[in-house]
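Here are some notes to read beside the sequence and the structure, written for someone who is new to looking at such models. Please go through the points in order and find each residue in the picture as you read.

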Amino acid sequence: MKHDLNQAARLSAMGAVCALALAVPAALHGQDAPAMAKPTGKWTATIAQLNTLRGAADLSVSAKGEKESRAKLSLRLVPINRQVAWDIVAGRCGDEGRPVAAAAAFRQILSRNDGSGEAMATIPALEAGNPYYVRVFSPGEVPSDRTGFGCANMSEVP
């Protein structure tokens, strides 16, 4: 009889542990659970020093609906009347990856008298959790991570 009571107590404790294990994931989906961070569709990157060109570049990307993003590249302190090309690429700097859109999507930038300039591009929506980078290069050259003015890995904005 004592053996049966001990076994019943063990089975009851195991049942409680199993019920708790099942209840915890279910509770995470309920109203009381902290909200899981949803992707914002926003990204940023900065090239602090453009090689041989001087100046710097800042990129910001934001969602434009579910299927598109809007990217804006801003130049600072580059030589006056300088034409600059750019694109956004899947992967990390140095991967020599593929652009996320055709070259025509990325309008070239002509710097103003104060050394600034900007251009916007509409591109396919960037996928959360995937790596991307921006690269800046001379319009007359084949885009390259190693020979361009610079590249920077993009960071998702929470």
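1. The protein chain contains 1 helix and 9 strands, and along the sequence these elements follow the pattern α-β-β-β-β-β-β-β-β-β. Helices (H or I, at least four residues) and strands (E, at least two) are DSSP runs, numbered from the N terminus. The model is a predicted one, in which local features need pLDDT of at least 70 and side-chain atom pairs count only at pLDDT 80 or more, while totals for chains, interfaces and linings use all residues. Residues are numbered from 1 along each chain as its sequence is written, and side-chain values use heavy atoms, with hydrogens and water left out.

2. Of the 158 residues in the protein chain, 30% count as buried, where buried means under 20% relative accessible area, exposed means over 50%, and partly exposed lies in between (1.4 Å probe, protein chains only). The accessible surface of the chain comes to about 10000 Å², and 57% of that surface belongs to carbon and sulfur atoms; such areas come from the Shrake-Rupley method with a 1.4 Å probe, and for residues only the protein chains shown count as cover.

3. Among the contacts in the protein chain with a separation of 6 or more, 61% are between residues 24 or more positions apart, a contact being heavy atoms within 4.5 Å.

4. The structure holds 6 salt bridges, each being a side-chain nitrogen of Lys or Arg within 4 Å of a carboxyl oxygen of Asp or Glu. One of them joins the side chains of Arg76 and Asp58, at 2.7 Å from N to O. This pair links distant parts of the chain, since Arg76 is in strand S3 (residues 68-76) and Asp58 is in strand S2 (residues 56-64), 18 residues apart. Arg76 counts as partly exposed at 37% relative accessibility, and Asp58 counts as partly exposed at 23%.

5. Where do the partners of the salt bridge between Arg135 and Asp87 lie, buried or exposed? Their closest N and O atoms are 2.8 Å apart, with Arg135 in strand S7 (residues 132-137) and Asp87 in strand S4 (residues 83-90), 48 residues apart. Both Arg135 and Asp87 are buried.

6. Arg146 forms a salt bridge with Glu96, with the closest N and O atoms 3.0 Å apart. Here the partners are 50 residues apart, with Arg146 in the loop between S7 and strand S8 (150-153) and Glu96 in the loop between S4 and strand S5 (109-110). Arg146 is exposed, with a relative accessible area of 59%, whereas Glu96 is partly exposed, at 33%. Salt bridges that share partners join Asp87, Glu96, Arg135, Asp145 and Arg146 into one network.

7. A search of the whole structure finds 2 aromatic pairs. Rings of Phe, Tyr and Trp (its six-membered ring) pair if their centres lie within 6.5 Å, and planes under 30 degrees apart count as stacked, over 60 as edge-to-face and the rest as tilted. The rings of Trp43 and Tyr132 have their centres 5.3 Å apart and their planes at 90°, so this pair is edge-to-face. Because Trp43 lies in strand S1 (residues 43-47) and Tyr132 in strand S7, the pair ties together parts that are 89 residues apart in sequence. Both Trp43 and Tyr132 are buried.

8. The rings of Trp86 and Phe106 are also edge-to-face, because their centres are 5.0 Å apart and their planes stand at 75°. Both Trp86 and Phe106 are buried.
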